[in-house]
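Here is a quick tour of charged pairs, chain contacts and ring pairs. Have the viewer open while you read.

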Amino acid sequence: MSTDASNRRVVVKSLFGAAGMFVFAIFVLPPIYDLFCEITGLGGKTGDEYTAVDVRVDTSREVRVRFVASNNASMPWIFKPTKDSVVVHPGEPTEITYFAHNVTDEDMVSQAIPSLVPNNVADYFHKTECFCFENQPLAAGDKADLKLVFIIDPDLPVGVNSVTLSYTIFDITDRAADPIAQL
Amino acid sequence: MLKRAQALFLSLLSLVVLLPLAGSALAESTASQLNMPQGVTEVSQAAYDIHMIMIWVCTVIGVGVFGFMFYVMYAHRKSRGAVAENFHEHLGVELLWTIVPTIILIVMAFPATTALLKVYDTDNPDIEIKITGYQWKWQYEYLGEGVKFMSELRTSDDEVYGREPKGEHYLREVTEPLVLPVGKKIRFLVTGNDVIHSWWVPDFGVKRDAVPGLFTAGWAKTDKPGTYVGECTELCGQGHAFMPVVVEVKEEAEYNEWLANKKAESVEYASTIGKEWTSEELMAKGEGVYLQSCAGCHQADGNGIPGVFPAIKGSPIALGPQIGHIAVLIDGVAGSAMQSFADQLSEVNIAAVIHYQRNSWGNDVGDVTQPIDVLKYKQSK
Amino acid sequence: MAHGPATLADGWRAYIGRWVFTTNHKDIGTLYLWFSFAMFLLGGAFAMVIRAELFQPGMQLIRPEFFNQMTTMHGLVMVFGAIMPAFVGLANWMIPLMIGAPDMALPRMNNLSFWILPFAFAILTSTLFMEGGGPNFGWTFYAPLSTTYAPESVNFFIFAIHIMGASSIMGSINIIATVMNMRAPGMTYMKMPLFVWTWVITAFLLVAVMPVLAGAVTMMLMDINFGTSFFDAAGGGDPVLFQHVFWFFGHPEVYIIILPAFGVVSQIIPTFSRKPLFGYSSMVYATAAIAFLSFVVWAHHMFTVGMPIAGELYFMYATMLIAVPTGVKVFNWITTMYKGSLTFETPMLFSIAFVILFTFGGFTGLMLSIAAADMQYHDTYFVVAHFHYVMVAGAVFSGTAAIYYWLPKWCGKMYNETMGQVQFWVAFIGFNIAFMPQHFLGLAGMPRRYADYGLQFADWNMVSSIGAFIYGGAQIMLLYNVIMTIKFGKPTAEEKTWEGAEGLEWTVPSPAPYHTFAKPPEFK
């Protein structure tokens, strides 16, 4: 093969390689990252809606679950858990609520993002119902009791006796109205 | 030529030696520190121990390798008559210096692993503190106790910009330190309010990034009461160097007393909120709040920085309806660096600083903003 | 008229035309080298502002907002404008000469690769004068500081990065094609000079990871302007994802910076030892091993972000492992010197300093890899000290060595050896005074990117600033040396400038003719 032709081949292959890495960075890395976080519980992200199966309740163990609320940046709502903490048995479905109050005079939409500590037990924290699965719209001045129903997996590693579940609420009013951002 | 080079070298060397001494005459600093602190927790001690092991291993290897190299540079100089040999391969020696370092690394991995396991041992705490990084201060919340407060740099702008001499605790003092008891395991839940910060206390060996939207966990337990200073260790904007961490570890009885006082304070505060304040009282308090919490961006003279931070002097908000001015402080301004101060300043402080802004630098609105007005806005609608 | 390239004697129009439209690898190499030196002085000026402000506690000269722009621009300009283009310049000049090729494989793309760089850096520098100022979020530009909280100029920053990345990718494709297809007959891969090997491997790294950087800034662009939330927790994204994507690029990037420097030193030490490089094949395999490992260690830059312990342990072990092939290279350089016949001209001084100081930086790198200790080192001046030892005493010293080494070949004039040695010592002493104290500052608790600091850090900061000014002075001396050599240096027409030099580049006259190896040479 002539040198020119060999050079052309190298250029084509390299450009494909470069383009491939670009696609990889934007379209493969984020989903792999999300998947990895789901599998390993990194960042304490608890999973999506869980369908409860019949499990025995482990009455020999008690786990304290503490609830924390946080407002991101200038999110002006009042947001707090109605209970500081509960003590539960693994396998036992438990319901608690977070109180939210839109104190402004505009309709707003929020998104609650969970984070569980210790991070690596996020896999064992199942939510059958959670206000964090969806946006939370609240009209001006409205209040709401946001529901969370969770079950701690009986296979929770030995030695873990307390977990802390935190929610951070973000103001996504603009984003919720923006069709492109919905992608 | 050689003599000149030697003279130059020696004079530079003496400069290096003497300058630190000159420096210490100028700055009122403690003795120049050379090493990592051992700290007061198991984690900080583990970090120090593995750090020292690594220093020793690297020193021994370095002395050996560079020593050999300096010997070669001396013994095999052409000017000494050395004649070059021609070898350029030796499988045995190459295998040796591949395998031996690998073994050294494997051996070092063991203490490195046990040290890291200590860092991650955050389970079963006695006390949990939620730490939120803000631009540019920390918020501490004692979970389950209902105690929450901001901790801001106390050093004044005047000291920073050289208008006043620097105090002994320059950049190491805060409005309210984090107070902890000895002997209890404390878990820190760290998050960020706006951008990524990082909470670090060297004497605890704890450094956790404060990422908005998620919580990271660290822990500390110490038997040594004292004051421990730390820093923000993730670039977070202009105030990155100006949001230190100060922790006071107290004996248990003292800590319990402090905690009880803090709880009582919030109850007592609620009863003063209905009081009617005079303009003079509000101006005096407002000036202090302004310099502490607003002047960093909006400047002491109220002129802001054109294009970056708006002026309050002559501002339509400061000269407009009071309710709009309260709204800016309580709600923040979406899409800008002006955050909500509802969590960070009490109603009294917000009312005072609003009053100060509306009646300073030529702003002459003349109205009086009372803490109860601010509270009503927060609760209203 | 002359058949050679246009000179000033041909009129300024022809002269400028020569430089703008050149497809000659020597001219393009020269352009890259002068451009990188100008960027080096610009980045150095930013550093002088930083060190002047940090000379004493308190803010004396600039405001913290501007300080953050200085640290950001210093990093961006030095990494992307100075070091990378300098080594690309060396590659352009030397690779065709070393392999007996008449020019690079794609000469016109070569021209484009260079000329978009001044354009990119003009855009980047202009952001300092825009309303809101230039980028102020560190050269690592973490989200959301660089997205939601960025100044208006951030879109120009992203544009500049894209252009600069395109330049690197095109340059790398050129190098790969040239080396694969245009070696002289008889020059098999395992007979190529090591500088060529290190550059080929670096070129593969560049093609693989510059697009990832482009991906990261594109995701940033979308988050900032089009409402996506790759890095925004509110929309289901994650600021930590940014760090992973950035460092997936960022770690190979630091090896991209250092591998060509390894190559230069591997050419110079054998020359001044009058002895062949020890362990040629191991050097090639070690370089390849380092390149491969560089892909799988990125999260050691993120030890405090809250990774699960399994991940943290893995990254710690993998990072520690890189010490092995790197150690092999250091041992091979020293063994090359062993039982050689050594002289210590300026290129050799810089190369020996490289071996010592880069290894020292490697030791602090090994310390940093120990995650539990990194809790105390991360984001402090200990890290700043580490990377300046490996990038300045490493890459920059190697680049300086290359200049002294090949300058006679480029311009046919010999530099003044005494001036070279003086410049070396001033640089060496200034560098160590500037950066050794920074280890202590970090260990004592001073974080990086700090515009101001507590009084306990005052002494070492003052010392460091003085060293930095001395080191800056040494770079002006280097500029002086280069210009004096070109204008008034003793003419030398010899092919083999250095007694112990081997390789095809030393078989052509000095200065190297505009066109060399029009016919491939015989290579045994």
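A salt bridge here is a side-chain nitrogen of Lys or Arg within 4 Å of a carboxyl oxygen of Asp or Glu. Keep in mind that this is a predicted model. Over all chains, the rule gives 18 salt bridges.

Let's start inside chain B. Lys130(B) and Glu141(B) pair up through their side chains, with N to O at 3.6 Å. This one ties together distant parts of the chain: Lys130(B) sits in strand 1 (residues 127–134) and Glu141(B) in strand 2 (residues 137–142), 11 residues apart. Are the two buried or exposed? Both Lys130(B) and Glu141(B) are buried.

Glu265(B) and Lys262(B) are both in helix 5 (residues 252–272) of chain B, 3 residues apart, or about one turn of the helix. Glu265(B) is partly exposed at 45% relative accessible area, while Lys262(B) is buried at 10%.

| Salt bridge | N to O distance |
|---|---|
| Lys130(B) and Glu141(B) | 3.6 Å |
| Glu265(B) and Lys262(B) | 3.5 Å |
| Arg358(B) and Asp367(B) | 3.1 Å |
| Arg66(A) and Glu128(B) | 2.7 Å |

Now for the contact between chains A and B. Chain A brings 31 residues to it and chain B brings 25. About 2,200 Å² is buried between the two chains, with carbon and sulfur atoms giving 45% of that area. On the chain A side, Arg66(A), Ser74(A) and Val117(A) lose the most area to chain B, together 21% of what that side buries.

How many salt bridges does the rule find across this interface? It finds 1, and Arg66(A) and Glu128(B) form a salt bridge. There are also 10 residue pairs in polar contact across the interface. Strand 1 (63–71), strand 5 (108–117) and strand 9 (162–171) of chain A each supply at least two residues of the side that touches chain B. That side of chain A divides into 12 nonpolar, 15 polar and 4 charged residues.

Finally, the rings. The count comes to 77 aromatic pairs over all chains. In one of them, Phe87(B) and Phe278(C) have ring centres 6.2 Å apart and planes at 75°, so the pair is edge-to-face. Phe87(B) lies in the loop between helix 2 (42–75) and helix 3 (91–119) of chain B, and Phe278(C) in the loop between helix 7 (239–273) and helix 8 (280–294) of chain C, so the pair joins two chains. Phe87(B) is partly exposed at 28% relative accessibility, whereas Phe278(C) is buried at 1%.

Key. Residues numbered from 1 in each chain as written. Chains lettered and ligands numbered in written order. Predicted model: local features only at pLDDT ≥ 70, side-chain atom pairs only at ≥ 80, totals over all residues. Heavy atoms only, no water. Contact = heavy atoms within 4.5 Å. Buried area = accessible area lost by both parts, 1.4 Å probe. Polar contact = N/O pair within 3.5 Å; in protein donor to acceptor, adjacent residues only side chain to side chain. Helix = DSSP H or I, 4+ residues; strand = E, 2+ residues; numbered from the N terminus. Nonpolar A, V, L, I, M, F, W, Y, C, P; charged D, E, K, R; others polar. Phe/Tyr/Trp six-rings, centres within 6.5 Å; stacked < 30°, edge-to-face > 60°. Buried < 20%, exposed > 50% of the residue type's maximum accessible area, 1.4 Å probe, protein only.
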